[in-house]
Each structure stands twice: as structure tokens, then as C-alpha cells.
Amino acid sequence: MIDYIYLTVLLPLIGFLINGIFGHKIKNEKIIGIIGSSTVGVSFLVALASFFQMLSLPVDQRKHVVELFSWLSAGGLNIKFAYLVDQLSIVMALIVTGVGFLIHVYSIGYMHADKSFWRFFAYLNLFIFAMMNLILGDNFVVLFLGWEGVGLCSYLLIGFWYDRKFEKGTTSQAAKKAFVVNRIGDFGFLLGMFLIYLTFDSLNFQEVFSKAELFPISGTVYGFIALFLFIGATGKSAQIPLFVWLPDAMAGPTPVSALIHAATMVTAGVYMVARCSIIFASAPAIMTVIAIVGLLTAFFAATVGLVQNDIKKVLAYSTVSQLGYMFLAMGVGAFSAGIFHVMTHAFFKALLFLGAGSIIHAMHDQQDIQHYGGLKKYMPKTYITFVIAALAISGFPGLSGFFSKDEILWNAYAHGSVLLWAVGILTALMTAFYMFRLLFLTFFGKERFSHDLHPHESPAVMTVPLIILAVLSVVGGYIGLPAVFSGENGNLFESWLSPIFSSAERRLEVYGSHGHFEEILLMMISVAAALGSIYLAYYIYTKKPEIASKTSRKFSKLYRLLLNKYYVDEVYEATIVQPLQKGSEKILWKIADNKIIDGTVNGAASLIDKTAALIRRFQTGFTQFYAFIMMVGIAIALFWIILSF
Amino acid sequence: MYMENNFLLTYLLLIPLLGSLLLLFINKEKESLIRWAGFGIALLAFILSLVIYLRFDPGQSGFQFVNKITWISKINVSYHVGIDGISILLILLTTFLTPITLFSSWKSIKKKVKEFTFFMLLLEVGMIGVFVSLDLFLFYVFWEAMLIPMYFIIGIWGGEQRIYASVKFFIYTMFGSLLMLVSIIWLGVYAASFTGTFTTNLLDLYKIGPGVPHQIQVFMFLSFFISFAIKVPLFPFHTWLPDAHVQAPTAGSVILAGVLLKMGTYGIIRFCLPLFPQSATEFAPVISVLAIIGIIYGALVAMVQKDMKKLVAYSSVSHLGFVVLGIFAMTTEAVQGSVIQMVNHGLSTGALFLLVGMIYDRTHTREISNYGGIAKIIPLFSFALMFASLSSMGLPGLNGFVGEFLILLGSFKSPVLNSWAYTIFAASGVIFAAVYLLWMYQRVVFGEVKHQNLFSLKDLEKREIAILIPIFIFILWIGIYPGTFLKLSEKSTNTVIQQVLVNPNTDVKVAKQ
């Protein structure tokens with residue numbers, strides 16, 4: 001099946017073309033939905049079959065390149081349209097097509113009766129197409145094609161309801177913001193590619209990485225490459241300073257938030273760093289930067305998440321925060337732990353978003369959790385799956401998030417420092433708190449909504465994907481059971497990915513030098529922290545709700561700061577957006593262009609005009625005057641000739 | 001395939017020339033006949049150019065389909081035409097866009113149809129002539145001759161300030177060309193001092209130009225270059241462009257942006273670089289800085305425009321900045337990128353002008369603020385505008401990316417520029433392109449419908465779809481399989497680079513190319 005891996009790219013493209021071109025004529029939602037979902041479903045099967053085929057092969061034969069055609073060639077550059085199937089890309093492909101399929105199915109229910117149902121499915125398929133190019137690309141340029149392609153789909157889907165208002169603006173403003181901020185990241189990514197080409201004379205992954213393995217380590221070049229690439233990652237994966245687009249991306253329909261802005265696209269930056277692990281491992285300074293940026297992002301996003309009242313906003317900041325964890329993992333060289341968290345996060349965060357969608361659906365587009373409450377009895381399936389997801393993200397022992405997050409924290413401690421670990425734990429604590437604040441305010445307590453709404457459980461087409469994701473959120477962690485528990489087999493997930501990261505790890509010299517006792521101790525601390533804050537949330541939001549309002553009054557300045565997300569948007573607006581716009585209009589256009597350049601041109605023209613007008617006066621029409629001028633001229637000429645002898 | 005006398009190119013010139021004369025015999029009342037005849041003639045020229053393309057051998061360096069006939073024997077001037085891999089692309093672009101623009105004017109041009117078609121065909125003769133000339137004198141004749149029909153097209157069928165715009169266009173260009181004429185004669189005289197005969201034969205001058213003493217070479221280079229820079233237009237010679245574009249009828253804008261601007265960049269590749277390699281490399285950093293200023297400046301000024309057409313016009317300043325940067329980076333990647341980007345810009349900006357024209361025909365306004373929320377009223381138009389915008393902002397998979405990527409990649413490793421800074425600044429244009437295009441798109445297409453009259457808008461009709469589809473096919477084609485086009489020009493591009501860099505006077509340390 002590996003040789004047919006291009007089907008996983010081609011099928012969604014076909015789905016996009018069918019629904020995109022004929023969708024408005026088909027009209028039947030079922031047919032459109034089935035076309036959209038089945039193309040992704042079959043892609044998943046192809047990926048799964050390829051995965052099993054790889055399992056049956058010896059480790060050194062698991063890497064396959066499937067070449068399609070020559071894309072770009074000029075001078076020494078020769079970019080092939082080719083796909084690379086290896087341990088890393090197949091994991092990502094399974095996540096994207098698997099979770100993607102479930103979200104497609106869910107959307108059939110969620111988008112029911114939308115006037116542009118067909119357009120939605122066309123865009124979703126196009127997204128899967130682009131995302132698969134990103135993952136499977138055999139070189140930086142195909143990856144970049146997918147990279148920008150998912151950005152485009154994100155743009156189209158955030159602005160899907162283009163005539164709706166969103167917060168202070170419109171959904172299309174949010175969409176544009178997402179695209180432009182991503183482009184800033186892409187700018188960095190492009191420069192990274194150029195420098196790679198300059199250094200390694202190639203943009204093909206295998207060529208570049210094998211040369212990187214042999215190259216003597218010259219820190220600055222690697223440092224610049226890693227820095228440029230990381231700038232790209234901060235854009236796509238919403239890290240400081242480019243995270244501002246992701247919370248606004250919630251303007252899109254909720255399945256989009258689940259698929260693109262939680263489970264798949266936003267993890268592209270993590271994937272890219274993992275893919276280029278050898279380059280990053282050769283730039284230790286940038287690795288530190290990544291770890292710090294990741295941790296800071298995780299921390300600050302979590303603090304914002306504590307006070308938000310829009311259910312999707314909470315989840316959005318939670319996503320930013322979790323992505324921060326993944327970058328923390330990358331930064332400390334725990335590449336496979338980071339990818340592991342990509343996977344578990346895809347399960348539980350997609351579940352959280354779909355659950356939120358189910359709630360929003362039931363509450364007729366109300367997104368403010370202050371107007372929820374007591375929903376437990378109306379929507380039991382949504383409730384139970386949501387609890388599972390919340391437990392998973394909080395790191396409840398035995399669930400998927402527990403294993404992946406703890407592995408990251410353990411690595412932060414073992415290969416980073418106690419400080420990294422401590423801030424990580426603090427963040428985990430806040431995560432558990434805001435998730436359960438959300439959960440209790442939504443499902444427990446008094447019903448704070450008008451009863452004309454008649455909340456009800458969502459149809460099976462929506463709840464079945466929830467249940468499947470809930471199962472995955474529970475069991476997904478066991479493939480990455482840490483060696484402490486699994487004994488001699490070691491961590492399965494880690495050993496599956498180890499051929500990909502081995503050279504980077506050699507360069508980093510990452511060896512487990514700490515004992516099992518320490519690992520278990522740290523794990524217990526984080527479990528205690530998670531359980532403690534779940535209880536705290538339970539106590540505050542179901543028993544003593546006045547504590548919350550009292551605290552927010554007491555620390556009103558801090559509360560406002562968090563509620564307004566540290567005013568980052570406002571600061572960017574005032575320091576970058578406005579000056580650029582005003583400067584371009586008032587100075588560049590009105591002054592430089594119209595006054596200075598055009599003024600010079602028109603000035604030259606009018607100067608000629610005036611000179612001509614002056615000279616014209618000599619054409620009086622009187623013969624005597626001409627004769628006189630002629631005499632003067634001859635006199636001057638004679639004088640000149642005589643003098644020059 | 002090199003034949004001393006191959007008449008195909010001459011036929012290609014004669015078709016629109018004789019065609020335009022033929023039109024004069026048709027009664028001007030028969031407008032539909034005139035339109036069809038004009039379109040047919042242009043289409044015939046396109047078919048012939050396809051024949052030439054099929055017979056063209058990309059493996060050969062040097063000029064093909066050469067036709068040389070002595071013209072003014074006293075000063076050794078001949079009618080000497082021929083093409084290489086660079087000019088064939090631009091000829092294909094010209095003969096492709098001309099029938100499209102004629103077809104697009106079906107409804108928008110209502111007065112003096114006969115004269116309009118006549119001038120458009122004459123313009124085509126001039127444009128093809130510029131791209132095929134291998135004699136500087138002949139080149140100069142076409143270069144100037146082409147101004148006249150364009151002057152009339154803006155001046156007669158243009159907007160309210162058409163006279164100001166057309167005169168500005170004319171004078172700006174004339175100023176440049178006069179300098180060039182002086183240098184052409186000087187170069188010929190200089191050749192005479194060597195060989196004893198005055199010549200304007202480009203192939204002979206290729207051997208002589210690089211040997212011109214430094215001080216004179218600088219002057220000659222600059223006088224050629226300024227003439228071309230005005231045409232491109234390179235910052236700060238660009239202010240004729242927004243006026244000319246806004247005032248010109250749609251067909252004029254499309255040809256202006258699609259082909260005329262390329263004559264500037266083509267001229268640089270064909271004449272400035274190989275004739276004066278030493279000066280070209282010396283001036284490369286300065287010119288690249290101007291190009292980069294143009295990229296950023298054009299994008300920023302485009303961002304704040306209130307008129308859609310002006311926005312697209314300023315975006316051309318930005319895009320052509322990329323092309324100039326690529327040319328002066330003088331690596332195969334970059335120059336190849338520039339060549340393909342010339343074609344790309346013709347397609348995507350051409351499509352944008354066509355689309356702006358199509359909606360202008362319906363509403364008679366180009367003010368962005370007069371629109372909003374048209375996505376649900378005219379979805380096809382909205383889709384087409386999105387597609388063209390994406391192409392213009394260089395989305396991978398579409399044509400614009402191929403050109404920009406190669407230019408930036410090539411300039412990054414350029415030994416002539418020898419600094420990352422150029423590329424870093426230039427690449428920021430990629431961000432701004434997304435800003436100005438998406439911002440315009442958001443205000444025009446998305447949001448709520450602000451003006452009641454927009455509700456009665458009609459979506460694209462079949463004729464308009466037929467105009468756009470061929471352009472969109474090429475946008476995709478170049479994006480996905482650019483090899484078809486890159487292969488055509490690779491040999492010729494390398495020849496030009498060799499002419500510049502493998503030159504004893506050129507002070508560039510190039511290890512490998």
C-alpha cells in the first residue's frame with residue numbers, strides 16, 4: 001500500500017473538486033457529506049494499510065519515497081513532487097486522516113441546513129489535501145506547498161460565514177488576520193529554506209539531513225537556519241509572538257476549530273521542527289529559545305484561559321498552551337514525546353471542540369459559559385465524553401494526556417532544568433483548573449439559560465465521533481507507555497520513531513541519566529497538582545461560586561489584564577498595523593508619490609512649458625527683429641572665433 | 001532548425017499588420033463584423049505563434065527563426081529578426097493576451113470600434129516587433145511605434161483624465177527612449193571605429209559592447225537602463241503607471257501590465273546585460289536596492305488605495321521589483337525566475353484587471369468602499385477574484401509562487417549581490433502582497449451588503465468565463481508543472497548569464513554557476 005500513498009492526497013482533492021464544482025447542483029446534504037467524508041475515510045484506510053505494511057518490514061526498510069513528477073527545476077535546483085513515507089509521516093498521516101474523518105462525519109450533523117453545506121465540505125477536503133502534502137512532502141518545497149495551502153483553507157474556513165459579525169469586527173477580518181500573521185511566519189520559513197539551499201545545495205529532506213549529519217557543527221549557520229524555521233513554526237503553531245491569530249480563528253464553524261485549529265494544522269510547526277530535528281539539534285542556543293518560547297506560551301495562554309467566558313475562547317487558549325508544551329518538548333530534545341503529545345492532543349482537543357460544538361448546537365449558538373449550567377441531564381453523551389476529554393487534558397492518571405504531558409515534563413526536568421519543569425507543572429495546574437471551571441459551569445449548577453432553548457442531545461452522527469474520540473483519549477496513551485511501566489519493551493511509540501530522531505539525539509547526547517524513582521516522584525507531584533486543582537474548581541464553581549467573583553474583584557487589575565489577553569492585540573495594532581497604514585497613506589502615497597516624485601515630473605514639464613513660453617516671445621513675426629537678432633548672433637560668433645585664435 | 005532565412009516571424013508580424021489594414025476597408029457601421037475580424041486575426045497570430053513554439057528547439061542556444069533582409073544599406077541597418085527561449089515566452093504571452101483583450105472589449109468599448117480594433121492590432125505588431133528585433137535600429141523603431149497606438153487607446157477610450165494620463169505616459173517614455181537612441185548611435189559609431197562599418201546589428205554589438213571603455217560604457221548602460229526602467233517601471237520612475245492604468249480602458253490596462261511593462265525587463269535582459277556586462281554588475285547592487293524599494297513601497301502604497309484599479313497598478317510596481325531583482329542577481333535560478341515571473345505577472349495582473357473591468361462595466365465604480373458582501377450575489381466573480389488574487393500573492397501551486405520563489409532563492413545565493421539582506425527585505429513583499437490583496441478582497445467581497453444596488457448585480461456571463469478560463473488554466477499549469485516553460489528559456493538564460501559573468505572586465509568572483 002505504501003506505493004499508493006499518493007491516494008491519501010489525491011482522494012481528498014477529488015472530493016474537493018466534486019463538491020466544489022458540482023456541490024451547489026447536488027444539493028442533497030447526504031450525498032455531499034458522504035463524498036466529503038468517504039474520501040478522507042478511504043485515505044485513512046490507505047494510511048492504515050501502509051502503516052501495517054511498514055510494521056511487517058524490518059526497521060531499516062521502513063522509509064519509502066514515492067516520486068510523482070519533477071516540479072521545479074532551474075540551475076542547480078531540482079524539486080521533485082515526491083512523498084516520503086516513514087515512521088514520522090505515517091503517524092501524522094494517521095492522525096490527520098483518522099481524526100479528520102471523524103470530524104467530517106460530525107460536520108454532516110453540525111452543518112445541517114447551512115446554505116453553503118457543499119462549500120464547507122469542499123473546503124474541508126481541500127484542507128486535508130493540503131495537510132497531507134505538508135506531512136508527506138519529501139522536500140521543503142512540497143512541505144511549503146502544504147504549509148501555505150492549509151493556511152489558505154484556514155483562511156477560507158475562518159471566514160466561512162463571511163457575512164457574520166465576530167467580536168468587534170467580522171469573521172473575514174479574523175480570517176485575514178490569520179492569513180497575514182501566518183504569512184509573517186512563512187517569511188521566516190522561506191528564509192530558512194534559502195539558507196538551507198545555500199548551505200546544503202539541496203532542499204530534499206534526505207539529502208539535507210544526511211549532509212547535516214556529516215557536516216562539522218558550525219553553530220551560526222545552523223543557528224540561523226533553525227531560527228528562521230522556528231519563526232515559521234511560531235506562525236503556524238501560534239506561539240509567542242505570533243499566536244494572536246488563533247483565538248480569532250474561532251470565528252470559523254466549530255468543526256473547523258476542532259480539525260484545523262486544534263488537532264492538525266496548528267501542530268504543523270511541531271511536525272516541521274521534529275522533521276528537521278537534526279538541524280535543530282545542531283543549534284543548541286535556538287533549542288533553548290524554543291523551549292523557553294514554548295513554555296512561556298504555555299504559561300501565558302493558560303493564565304488567559306483562566307478567565308475567559310466564551311467556551312471556544314477557553315479552548316483556543318488551551319490549544320495555544322498545549323502547543324507550547326509541544327515546543328517545550330522540542331526544545332529539550334524530546335522529539336518523540338512532542339509528537340506523542342501531538343497525537344493525544346489531537347484526540348482530546350478535537351473531542352473538546354466537538355463537544356463544545358455539540359453544546360453550542362444545543363444552545364442555539366450561545367457560546368458564553370455564563371449562560372450555560374446544568375446541561376448534564378440534557379446531553380448525557382456530550383457530558384460524559386467531555387469529562388473524559390477534560391480529564392485527559394488535565395493529566396488524570398491512566399488517560400492519554402497523562403502519559404504524553406508527563407513525558408514532556410519529565411524530559412524538561414531531565415534534559416532541561418527544574419525551573420522548566422516547575423513552570424510546566426504550574427501550567428498543568430492551571431490547565432486542570434480552567435478545564436474544570438468550564439466543565440462545572442457548563443454541565444453543573446443552576447441552569448442559567450432561557451428555557452425556550454430546549455437543549456437536547458445531538459444526533460448520532462455527531463455523538464458517535466465523540467464516543468470514538470473519547471475511547472481514543474482514554475486508550476491512546478498506552479502505545480506510549482513510559483519505560484517505567486512497560487518494562488523491557490520500553491516505550492513503544494518512542495522506539496517506533498527512534499530511527500527518525502536517532503541522529504539528532506546523538507548530536508544532543510540525550511541519555512537517560514536519571515533514575516526511575518525520580519520519574520515516578522515527579523509524576524506523583526503532577527498527579528497531585530492536577531487532582532488538587534480539579535477539586536478546587538469543583539469547590540469554587542459548584543459549592544461557592546461567590547469566591548470566583550470576589551477574587552476577580554479583589555484582583556481586578558490582574559483580572560482585567562487576563563480578560564483582555566494582556567492587550568497584545570491592542571499593542572500590535574498601535575505599534576505595527578496603524579503606523580504602517582497611516583505611514584503608507586499619508587507619507588508614502590500622498591507625499592512621496594504624489595508630491596515629491598510626481599511633483600518633480602510635473603514640475604519638469606511645466607518648466608519646459610514656461611521656458612517654451614518665454615522663447616516663443618522671440619518669435620515676434622517682425623523681419624527687422626529677426627535680422628537684428630541674426631546680426632547680434634553673427635557678431636558674437638565672430639568675436640568668439642577671433643578670441644579663440 | 002537555425003535557418004538563415006525563416007519567414008515565420010515575419011509572417012507573425014504581418015498577420016496583425018495586414019489584418020489591421022484590412023479592417024480599414026470594412027464599413028465602420030458593421031461593428032460586430034469588425035469585432036469578429038479583429039478577434040480572428042489576433043487568434044490567427046496566436047496559432048502561428050504556437051506553430052513557432054512547436055518548432056522551437058529549446059536545446060539550442062542562440063537565435064532561431066532568423067530572418068535578415070538588408071534595409072538601409074548605407075548605415076548597415078537590416079530588418080533582422082529572431083528569437084531565443086526568453087523572447088518566445090513573451091511572444092506567446094503577447095499573442096495569447098491580445099485576442100483575450102479584444103474579446104473582453106466586446107461590450108465595454110462602444111464608440112469607434114473600428115479604430116479601437118485597428119489600434120489594438122497595430123499595438124500587437126509593435127509588441128511582437130520589440131521581442132523579435134535583433135537589430136537595435138529596428139528595435140528602436142518598434143519600441144517607438146508601439147507608443148502611438150497605446151497613446152490613442154488611453155487618450156480616446158480612457159477615463160476622465162485620459163489626456164493627462166496619455167500625455168504623461170508618452171512623455172515619460174519618450175524621455176527614456178531619446179537617451180537610448182543617443183547610445184544606440186554612439187555604440188554604432190564606436191563599432192565603426194573598430195570594424196570600419198557603422199552597425200546596429202545586435203549580434204555584432206554583443207562582441208563590441210563589453211569592450212567599450214568604462215566611462216562611456218557607464219553612460220551607455222545608464223541611458224539604456226533608464227529607458228527600460230521607466231517602462232518597467234522601477235522606483236522612482238513609476239508615477240506614470242497608476243495614472244495610465246486608471247485612465248486606460250480595461251483592454252489597455254491588460255496589455256499595458258501584461259506586455260508593455262515586460263518590454264522594460266526584456267530590454268534589460270536582452271540589451272543592458274550582454275552589451276554592458278561590466279556596468280551591469282557594477283550597478284547591480286544599486287539597482288537591486290531600487291527594485292526592493294519598489295517591492296515594499298509599491299505594496300504599501302497599494303495597500304492604502306481606495307480605487308481597485310489603482311491598487312492593482314501599484315501592485316505591479318511591487319511585482320516588477322521582484323523581476324528586476326532577479327535579473328540583477330544573475331544566477332540561473334533568479335533569472336529563470338524573473339523570466340517566468342514576467343509571464344506570471346502578465347497572467348495574474350491581466351486577470352485582475354479584467355475582473356476589475358468586468359465589475360466596473362456593471363456598476364461604473366471602482367471605489368472599494370462602494371462594494372461589500374458581493375460573495376453571495378455574484379459567487380462566480382468572487383471565486384475568480386480570489387483565484388487571481390491568490391495567484392498574484394504567490395500561493396504555492398499557482399504560478400506566482402514559482403517565479404517569486406526562484407527569484408528569492410536565486411538572489412539569496414547571488415555572488416553578484418553577495419548579501420542576504422537583499423532577499424530578506426524583498427521577501428517581506430510576500431507578506432504585504434497578502435495584506436493588500438486580502439484586505440481589498442475582504443472589503444469588496446465579504447461582509448454585509450452595504451449598497452442596495454449591489455443586489456441586482458449579475459454574475460459572470462459565458463463570454464466572461466470564456467475569457468478567464470484560458471488564463472486560469474495557465475495559472476495552474478505554471479504553478480504545477482512549470483517545467484514546460486522553464487525548459488524553454490533555460491539555455492538562453494544561461495547564455496545571458498555567461499555573457500555577463502564570463503567577461504574579463506566583470507569583477508565578480510564566481511566559483512560555480
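How do the residues of the lining of the second largest pocket divide into nonpolar, polar and charged? The model in which this pocket is found is a predicted one, and the composition of the lining is 21 nonpolar, 10 polar and 11 charged residues.

The pocket itself may be considered next. The second largest pocket holds about 1,500 Å³ of space. Its lining comprises 42 residues, of which Lys177(A), Asp248(A), Asp569(A), Glu573(A) and Val577(A) are the closest to the centre. The greatest contribution comes from helix 25 of chain A, which gives 10 residues to the lining.

Domain 1 covers residues 1–138, domain 2 covers 337–549 and domain 3 covers 569–644. Between the C-alpha centres of domain 2 and domain 3 of chain A there is a distance of 72 Å.

Attention now turns to the backbone, beginning with chain B. The loop between helix 9 (214–231) and helix 10 (240–247) of chain B contains Pro233(B), and the peptide bond that leads from Val232(B) to Pro233(B) is cis, with omega near -10 degrees. Pro236(B) is likewise placed in the loop between helix 9 and helix 10 of chain B. Phe235(B) and Pro236(B) are joined by a cis peptide bond whose omega is about 0 degrees.

Positive phi angles form the next topic. In chain A, Lys27(A) is not a glycine, yet its phi is positive, at about 65 degrees. This residue lies in the loop that connects helix 1 (7–26) with helix 2 (29–56) of chain A. Is Lys27(A) buried or exposed? Exposed residues are those over 50% relative accessible area, and Lys27(A) counts as exposed because its relative accessibility is 65%.

In chain B, His364(B) also has a positive phi without being a glycine, the angle being about 60 degrees. His364(B) is located in the loop between helix 14 (332–363) and helix 15 (379–392) of chain B. With a relative accessible area of 58%, His364(B) is therefore exposed.

Notes. Residues are numbered from 1 along each chain as its sequence is written. Chains are lettered from A and ligands numbered from 1 in the order in which they are written. This is a predicted model: local features need pLDDT of at least 70, side-chain atom pairs count only at pLDDT 80 or more; totals for chains, interfaces and linings use all residues. Side-chain values use heavy atoms; hydrogens and water are left out. Helices (H or I, at least four residues) and strands (E, at least two) are DSSP runs, numbered from the N terminus. Buried means under 20% relative accessible area, exposed over 50%, partly exposed in between (1.4 Å probe, protein chains only). On a 1 Å grid over the protein atoms alone, a cavity is a set of points where a 1.4 Å probe fits but cannot get out, and a pocket is an open set with protein on both sides within 12 Å along at least five of seven lines; lining residues have an atom within 4 Å of a point. Grid points are joined across faces, edges and corners, and a volume is the space filled by probe spheres set on the points. Ala, Val, Leu, Ile, Met, Phe, Trp, Tyr, Cys and Pro count as nonpolar, Asp, Glu, Lys and Arg as charged, and the others, Gly among them, as polar. Domain bounds come from an automatic or database domain assignment.
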